[in-house]
Amino acid sequence: MSFIVAIDGPAGTGKGTITALISKHMGLINIDTGATYRCVALAMLNNNIKLEEKEKIIELLDKIEIDIKNEKSKQTILLNGEDVTTQIRSKEVSQIVSQVSSIVEVRLKLVELQRKLAMGKDVIMEGRDIGTYVFPKADVKIYLDADEEERAKRRYKECKQKGIEMSYEEVLKNIQIRDKNDKEKEIGALKVAEDATVIDTTNLSINQVKNQVKKIIRKKQKEIEHRKKVYTPRPDTKWKQIEYKMVKAFLRGLYRIVYRVKKVGEENIEDDKPYIICANHINYLDAAAIVLFTKRKVCFVGKEDLCRSVILNWLAHLFDCIPIKRNAQDIEAMKRSFKVLKENGILGIFPEGTRKGLAKGAAIKNGAAFMAVRTGSTVIPVGIKGSFKPFTRVTVNYGKPLDYSKCQSKSPEKEVLNQVSEEIMSNIIMLTK
């Protein structure tokens with residue numbers, strides 16, 4: 001699985017420098033996408049192919065091989081096996097590279113190459129459209145910007161250091177032309193991705209920009225690490241099965257003593273059928289009451305925030321709870337929920353979506369109804385009565401099955417989901433009286 005950092009922005013904002021520094025300091029592979037276009041431009045110059053000779057350019061694409069090697073913090077660009085790291089930065093290449101990258105066929109060929117180079121790696125890539133076109137689902141998107149005069153000064157200084165003879169005025173004009181071309185491109189135009197963090201580098205040092213970028217990347221890495229811990233199911237090993245039985249027996253005994261739990265109507269749940277258990281949500285302890293006192297295993301859907309606690313995260317993985325992002329379409333949670341039902345398991349969902357949802361005036365969530373209608377599963381409404389105060393009675397009341405196989409649909413209409421949700425909730429309320 002790849003971890004992609006996309007650095008976008010106009011020429012002269014420090015993308016290349018920052019990308020190289022971050023690659024070195026954070027161990028990310030630096031894939032210079034701009035260099036791939038420069039390779040095509042250089043190949044055109046070497047073969048005396050002009051910009052207007054589109055057919056020859058397309059033929060050339062099948063004859064060149066581009067590779068990028070990163071060794072000992074040094075990047076080497078290879079064109080047909082030859083080191084062209086310095087050549088692709090020449091004045092002649094710089095003057096045509098923007099137009100070359102505007103050719104649709106070149107664009108498509110090199111985007112395919114760039115995606116291939118990044119496959120299965122932790123990489124950082126810079127360009128003008130990495131976060132908008134090349135990798136629209138990049139883990140981190142950063143847009144570096146600066147005013148054009150400052151960018152021209154930087155590029156002019158860079159040219160002098162590399163021995164490239166260009167005046168400041170020429171550099172500024174090239175930047176202005178390139179900005180215009182980049183923003184008007186048919187494919188992969190220069191623009192800020194909606195979910196990108198913009199950093200204006202005009203008055204910042206390289207070190208300041210580097211630190212800001214590192215901070216953004218580290219924050220995302222921590223989020224991903226947390227999500228891995230939360231979302232990666234624990235393998236169903238022999239030890240897990242033993243641990244599950246022991247912990248369930250211990251906690252059930254504890255609940256029986258402290259909350260005097262009584263269950264009614266569990267005979268409504270047959271042994272070999274998939275069900276969705278839907279209950280009222282009165283306390284953060286009520287899901288455990290259902291899980292512990294239902295003979296069959298119940299996989300409850302719950303907000304991922306609960307798994308931030310080490311103990312709760314351990315229990316959630318032991319009992320195969322399904323973490324879900326609130327107020328978002330969580331595809332991973334849906335897949336795991338479908339899997340439970342497909343394997344004739346029991347899925348637990350709170351239609352209220354939050355504790356004491358009805359009392360708070362919260363709208364009933366359609367998640368349970370969607371799962372029921374989409375899979376044609378039977379719903380078992382459950383009414384929980386009690387306050388969960390120590391040594392007071394808590395009753396878990398299992399209701400009659402609600403069969404939704406007749407209204408099964410892959411694309412259920414909202415009106416149908418609302419009706420099903422209301423029916424489920426009405427049955428739950430009756431069971432609490």
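This is a predicted model: local features need pLDDT of at least 70, side-chain atom pairs count only at pLDDT 80 or more; totals for chains, interfaces and linings use all residues.

**Exercise 1. A charged patch.** Which residues form a positive surface patch?

Solution. Residues are numbered from 1 along each chain as its sequence is written, and side-chain values use heavy atoms, with hydrogens and water left out.

Step 1: recall what a patch is. Its residues have over 30% relative accessible area and no salt bridge; like charges are joined within 9 Å, and nonpolar side chains (Val, Leu, Ile, Met, Phe, Trp, Tyr) within 5 Å. The areas come from the Shrake-Rupley method with a 1.4 Å probe, and for residues only the protein chains shown count as cover. Lys and Arg count as positive and Asp and Glu as negative, with His and the chain ends not counted. The place of a charge is NZ of Lys, CZ of Arg, CG of Asp or CD of Glu.

Step 2: name the members. The positive patch consists of Arg326, Arg355, Lys356, Lys360 and Lys365.

Step 3: zoom in on one of them. Arg355 sits in the loop between strand 13 (346–349) and helix 14 (367–375); helices (H or I, at least four residues) and strands (E, at least two) are DSSP runs, numbered from the N terminus. With a relative accessible area of 39%, Arg355 is partly exposed. On this scale, buried means under 20% relative accessible area, exposed over 50%, and partly exposed in between (1.4 Å probe, protein chains only).

**Exercise 2. Strand 1 and its neighbours.** Find out why strand 1 can be called largely enclosed, and which strands it pairs with.

Solution. Step 1: check burial. In strand 1 (residues 3–8), 6 of the 6 residues are buried, so the strand is largely enclosed by the rest of the structure.

Step 1: sort the side chains by direction. Phe3, Val5 and Ile7 point one way, Ile4, Ala6 and Asp8 point the other way, and all are buried.

Step 2: look for partners, bearing in mind that two strands pair if DSSP finds at least two bridges between them. Strand 6 (residues 122–127) runs parallel to strand 1, with 6 bridges, and Ile7 stands opposite Glu126 of strand 6. Strand 7 (residues 140–145) is also parallel to strand 1, joined by 4 bridges; there, Asp8 has Tyr143 as its bridge partner.

**Exercise 3. Salt bridges.** How many salt bridges does the structure hold?

Solution. Step 1: start from the idea. Side chains of opposite charge can pair when their charged atoms come close. The cut-off here is a side-chain nitrogen of Lys or Arg within 4 Å of a carboxyl oxygen of Asp or Glu.

Step 1: the structure holds 23 salt bridges.

Step 2: study one that spans the sequence. Glu304 and Arg227 form a salt bridge, with their closest N and O atoms 3.4 Å apart. Glu304 lies in the loop between strand 11 (298–303) and helix 12 (310–318) and Arg227 in helix 9 (residues 206–231), so the pair ties together parts that are 77 residues apart in sequence. Glu304 is buried at 12% relative accessibility, whereas Arg227 is partly exposed at 26%.

Step 3: Asp67 meets Lys69 at 3.6 Å between the closest N and O atoms, and Glu270 meets Lys273 at 3.6 Å, N to O. Salt bridges that share partners also join Arg128, Arg178, Asp182 and Lys185 into one network.

**Exercise 4. Two phenylalanines.** Is Phe388 buried or exposed, and is Phe391 buried or exposed?

Solution. Step 1: locate Phe388 in the loop between strand 14 (378–385) and strand 15 (394–398); Phe391 lies in the loop between strand 14 and strand 15. Step 2: read the backbone. Phi is near 60° for Phe388, a positive value in a residue other than glycine, and near 65° for Phe391, also positive. Step 3: compare accessibility. Phe388 is buried at 5% relative accessible area, whereas Phe391 is exposed at 57%.
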